[in-house]
Amino acid sequence: MQKKLHLFINCFIISFFSFAQSNKLSYEQDFTPVFLNKSGDTIHSALIGGLNQPQFQTVDINNDGKKDLIIHDRSGGIILPYINDGSNNIYNYKYKPEYVSCFPKMSNTWFLLVDYDNDGKEDLWTKINYKATLFKNTTKTGDKKVSFTQTSPHLVAYNFYPPPLDSNTVSADNTNVPTIADMDGDGDVDIFSYQVNEGNFLIYRNMTVDFNLPIHPPVFEIADWCWGYFRDTGTAGYMTYPCTYKIYRKHSGGSSLLWFDNDNDGDLDLLLGNAGKNNILYLKNGKKDYNLLYDSIIAGDGHWPSNNISANIKTFPAMYMLDADGDSIKDIIVAPNQADYSYTTQETKQVQFYKNEGSNQIPDFKLKNSNYFTENLLDHGAYTAPVLVDIDNDNDLDLIIATNGDNAITYNYNDRLVLYRNIGNKSNPIFKLEDEDLWGLSKDSIRYLSVSFGDLNGDNKPDMIAGNYFGSLYFYKNIGSSATWAFSTPITNYEKIRVGERSTPQIVDIDKDGLNDIVIGEFQGNFNLYKNTGDINTAKFSLADDTLGNFVVNEITNYDTNNIPIYYWYGNSAGAISDLDNDGKYELICGGNEGKIRVFRFSTYNQAKFIEDTTILYDSSYMRYGTLDFGTDTKPTVGDIDGDGIKDIIVGNDRGGINFLKGKVVFSEITTSIKVKKPLIYPNPNNGNIIFINKFSNEVLNINVIDIHGKIIHSEISNSGNIHKLNIEKYANGIYYIQTIESNNSSYFSKIIILK
């Protein structure tokens, strides 16, 4: 019955018709479930997936004349659009994933929004396929959202003498962050970037004004290999005038750069963050002070800002200048730019907000928040692997999340479990953070932890197995009670099971013989099946299939410019096996390094190949069915968290957070259409307390009131007369559906609107 309710609601009830139909499952990103922190405060952005290396820029996304916020995270190249709701303070903007499709997919790189053609619209600069490129903002009046058009496959620079910097492409390494501004005051924007393979800072000067060319497209030349006459000598040091011939200003490591005029003297000063370091270096340009021919660094501050609390980010800080609080004065947001674990990487509480208490001409930056924006997120570091399970036997699902706990704290050597206990109920879940090291599992020093629960010794209590970096399993026997779980010291190298690196186990009776088996994902992207050959009291496992379903996660990640598939050599497969549509057959819901969630159908576990269903996941970002993108290293878990009879999916990822996919039933096909006389509901819209139902007969009907989410909120039986009165006094304003069911089980639906 519940499926039929959702079917009609999602198809926008069609009056005076009944249908024979085929129902279809659909999953769509949803943000309804409530999450609380330990203090009981609501985590307002609990389900956006977390942040690791966020980059902050502003642009008018929905073309309403107000600047919105766009966050790009290096981890998986995720785009997070936030719409300005009128407050002009980015802290209060609303997350709107439907605008993701406006932006190109960027993978582990930088991006900047800078207007190059002076049309008042920010253009997008980034790297695609390892080449710096420019996307022109082509939004037109009346458009509902921003649009970008790539100007060319890559940005080109001319005048390539002398070698070895004789490339015809603008060099701006993926790892580093360049800065783009009008360096020479001639009305067009220039590029300042660090070229990692040469150890040089390069100026790509825009020559469109100099050569009297149209401002579109921009034309660059390599103008200077030693901008500023300085050398970066370490954490907080620099050396002036080190390059007599202005060639090869050497630098070790990476750099994030930000040009801005700090003293209103008409030349650009520089903020610089270094790979492996946690401070920001400020360098003062003395060109105008001393009437010099070239930009020249004359002073510096090794721990910017020295007149306040200095920036301190682990590691490789990057700086983003924008008006964050709506006062028309540009502030600075600092966030980590470290994209791998070659250095310690801060993954929680890692964004610092420096408010400009001065002016745009003479700024004065003061630290106001060291947990800016991230304090509203559910974020536990990186590599989250969620599990839905009823941990306290109260008939609702709780959420356990395996995570690294933040590399800056744990160094990825003692992962732990985080518990969000459901303090609501089966129909209205409220997940509250209760424990950030559940059962003290961090003491076992497991890397890349993932866990699964199931009875493996016949005592009717869920035991726990844990996967790890080395591909083996840990077994934890449940020595607690059904309502209070506790676990013994683990048995390592359980059953001598060993797959490839990063084992992700799931306990499931895949062959339905009454014994729990184990399915394990791994580094190379395949799934391994270990069948239970023991008995109900003593589990024994033997490898039955090391390519379960005959598919590999992440085998093809992309296509090159010649449309040739790019193969990847690892997949980090992780799966959840469940009967999503209650047809008696399992589905394998899987994630992996590619950052997507896929659904594979199979009738029996040993069929030759599992079949992918690409019609079940709905991507609201692109308004299409397909495979959703959550970044990288996705790990799904399945369970009906709201008691509507339809299983939902929670997804972990490498950004330390989770995403939620709400399961629903949609209308898939109409096979017949028969004109019938259905009950008449009136008055509609209704601003009173009674709705009348004219049944046109004396038949007694079953009546259900259904809310907009498809849940039955009231049921009653009609009287035997033609007219039945339905009391709606207790219902809030909104849209509802009235279902009337005849004795032959024919159902009719009517949409009603309550406006009191």
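In strand β54, I723 is the bridge partner of N694. N694 belongs to strand β51, which covers residues 690-694 and is joined to β54 by 5 bridges, the two strands running antiparallel.

These two strands are part of an open sheet of 3 strands, arranged in the order β50-β51-β54 with antiparallel pairing. At its edges stand β50 (680-682) and β54 (723-727), each of which pairs on one side only. From one strand to the next, the twist averages 25°. In general terms, the strands of a sheet pair through backbone hydrogen bonds, and they do so either parallel or antiparallel.

Another open sheet holds 4 strands, in the order β53-β52-β55-β56, and its pairing is antiparallel. Its edge positions are taken by β53 (712-717) and β56 (747-754); each has a single partner strand, so one side of each is left without a neighbour in the sheet. With direction ignored, neighbouring strands of this sheet are turned by 20° against each other on average. Within the sheet, strand β52 (residues 702-706) is connected to β53 by 5 bridges, and the two run antiparallel.

The chain as a whole may now be considered. It contains 2 helices and 56 strands. Of its 756 residues, 54% are buried. The chain exposes about 30,900 Å², of which carbon and sulfur atoms supply 49%. Among contacts between residues at least 6 apart in sequence, 51% join residues at least 24 apart.

I90 counts as buried because its relative accessibility is 1%, and the cut-off for a buried residue is under 20%. Leaving aside neighbours within four places in sequence, I90 is in contact with L69, L322, D323, A324, I333, Y372 and F373. The separation between I90 and D325 is 235 residues in sequence, while their C-alpha atoms are 6.3 Å apart in space.

A search of the whole structure finds 0 disulfides.

It remains to consider the confidence of the prediction. The average pLDDT of the chain is 87, and 88% of the residues score at least 70. Over residues 1-22, however, the pLDDT is below 50, although this stretch has 73 contacts in the model beyond near neighbours in sequence. Residues 668-676 also have a pLDDT below 50, and that stretch has 23 contacts in the model beyond near neighbours in sequence. Where pLDDT is low, the predicted coordinates should not be read in detail.

Notes:
Residues are numbered from 1 along each chain as its sequence is written. This is a predicted model: local features need pLDDT of at least 70, side-chain atom pairs count only at pLDDT 80 or more; totals for chains, interfaces and linings use all residues. Side-chain values use heavy atoms; hydrogens and water are left out. pLDDT is the predictor's confidence in each residue, from 0 to 100. Contact means heavy atoms within 4.5 Å. Buried means under 20% relative accessible area, exposed over 50%, partly exposed in between (1.4 Å probe, protein chains only). Accessible areas come from the Shrake-Rupley method with a 1.4 Å probe; for residues, only the protein chains shown count as cover. Two strands pair if DSSP finds at least two bridges between them. Axes are lines fitted to C-alpha atoms, for helices over the stretch in contact, and angles run from 0 to 180 degrees between N-to-C directions. A disulfide is a pair of cysteine sulfur atoms within 2.5 Å.
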